Amino acid sequence: MAVAQHESSGGSVRSNSATRTDVLGGHVHRHVNEGELAPSVADDGPSGVLPERAGNDRQVFTNSDMVAATKTTGQQRALVVVLEADGMPPMARDAWQTASVAAAEEIRIASRGLLTIAVDMFPDVVRVTTPTCDNSSTIATEALAAVRQKTSLEQYRFVMFGLPPRTSSCSWAGFGSRPGHNTWNWGSQTGSVGKGLIAHEWGHNVGLRHLNSTRCVRDGNGVQQLVAAERNSTSCVLTEYGGPYSVMGNGDATGRTGSALTFFERAQAGWLFDGEETFPASGSHSLYFDGKPALMWVQNAAGEVYALEYVRGK
């Protein structure tokens, strides 16, 4: 679990020592935002994160002839494959390219240059079986077979399938393997797709989960509950995509923080610089938004491990 503090300058916390693997080894990550309810997420918003296919975090779809799915840094390439199907014309290639290049810039900002993505467009529109809400693996298999006939995938870390605009209801707008190579994004009837959707799904490709938020209420007041027993004794609401500080929640690179990810997420993706995280022993320690350290791993008396960081509102 991670806790996001709202102050924007340095401060002190008292802690017991902890290790990052205590959290990254499988604990659920939530950000607790005192007194703040997350805004709703609009389907087909211009740059927001859209609803995804259920079970996204459990899907793993990797391609053995591509750059390893564990690679999260350096200069990487993404191949955008525009798709069509019977009765479902493709969305314009220019729209997919514009959105993908903008999403790559969000990833550059989020990683602070540790991951850069060059976007290539596959030259042909690929015809596939009619896409549905549940046949993403079939679509990928068919599309990749067509791609491999003309292009080697060994230079690519990401393949994005640009699905045609939806003609029927579907509960997700984007889907990404975590970790993995492939993402599936529906086109829109308006002829555009949000850069935040594409960046969000690439985030899953490098191993990131959704940035949730939890709000706890006691006696009608918003409170932060940092001990499991207290969380269980109050009314707490978990909101998926509720974290406003990340493109993996409902933020983006130009949103509330001017930063597309939290430091907790950067730790997961391998996007921290030396000295930005600390594992202090008991005592009082300083923590900064724009200095070092920016991320602190602590453990309370109950043995629960937290990632503490400052986040900056508007």
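**Close-up views of a predicted chain**

**View 1. The largest nonpolar core holds 32 residues, and W96, I117, W202 and W271 have the most contacts inside it.** A nonpolar core is a set of buried Ala, Val, Leu, Ile, Met, Phe, Trp, Tyr and Cys residues joined through side-chain atoms within 4.5 Å. Two or more residues of this core come from each of β4, α2, β5, β7 and α4. The largest share, 7 residues, is given by α2. Apart from this core lies another one of 24 residues, among them V81, V128, A140 and A143. As background, nonpolar side chains tend to be buried together in soluble globular proteins. Please keep in mind that this is a predicted model: local features need pLDDT of at least 70 and side-chain atom pairs count only at pLDDT 80 or more, while totals for chains, interfaces and linings use all residues. Residues are numbered from 1 along each chain as its sequence is written, and side-chain values use heavy atoms, with hydrogens and water left out.

**View 2. The whole chain has 6 helices and 16 strands.** Helices (H or I, at least four residues) and strands (E, at least two) are DSSP runs, numbered from the N terminus. Of the 314 residues, 51% count as buried; buried means under 20% relative accessible area, exposed over 50%, and partly exposed in between (1.4 Å probe, protein chains only). The accessible surface comes to about 13300 Å², and carbon and sulfur atoms account for 48% of this. These areas come from the Shrake-Rupley method with a 1.4 Å probe, and for residues only the protein chains shown count as cover. Among contacts (heavy atoms within 4.5 Å) between residues at least 6 apart in sequence, 72% join residues at least 24 apart.

**View 3. W96 is shown with its contacts from elsewhere in the sequence.** Leaving aside neighbours within four places in sequence, W96 is in contact with V80, V82, M91, M121, M160, G162, L163, N185, W186, G187 and V193.

**View 4. Helix α4 (residues 195-205) has 10 of its 11 residues buried, so this helix is largely enclosed by the rest of the structure.** The buried residues are G196, L197, I198, A199, H200, E201, W202, G203, H204 and N205. What covers them includes β4 (74-84), α2 (93-111), β5 (115-121), β7 (158-165), β8 (174-176) and β9 (182-187). After α4 comes G207, whose phi is positive, near 105 degrees.

**View 5. Helix α3 has S136, I139, A140, A143, L144 and V147 among its buried residues.** Seen down the axis of α3, its buried residues fall within an arc of 120 degrees, so they line one face of the helix. The arc is that of the directions from the helix axis to the C-beta atoms. An α-helix has 3.6 residues a turn, so residues three or four places apart point the same way. Cover for the buried residues of α3 includes β4, β6, β7, β8 and β9. The 13 residues of α3 should span 18 Å at 1.5 Å a residue, and the end C-alpha atoms are 18 Å apart, which agrees. The expected span is 1.5 Å times one less than the number of residues.

**View 6. C133 and C170 form a disulfide, with their sulfur atoms 2.3 Å apart.** C133 lies in the loop between β6 (126-127) and α3 (136-148) and C170 in the loop between β7 and β8, so the pair ties together parts that are 37 residues apart in sequence. A disulfide here is a pair of cysteine sulfur atoms within 2.5 Å, and by this rule the count comes to 2. C133 is partly exposed, with a relative accessible area of 22%, whereas C170 counts as buried at 11%.

**View 7. A disulfide joins C216 to C236, S to S 2.2 Å.** The pair links distant parts of the chain: C216 in strand β10 (residues 212-218) and C236 in strand β12 (residues 235-239), 20 residues apart. The torsion about the S-S bond is about 105 degrees, so the disulfide is right-handed. C216 is buried at 2% relative accessible area, while C236 counts as partly exposed at 30%. With the bonded cysteines numbered in sequence order, the pairing is 1-2, 3-4.

**View 8. V159 is found in strand β7.** At 0% relative accessibility, V159 counts as buried. Not counting residues up to four places away in sequence, V159 touches M66, L79, V81, L144, L153, H181, N182 and T183. The C-alpha atoms of V159 and R77 are separated by 8.7 Å, with the two residues 82 apart along the chain.
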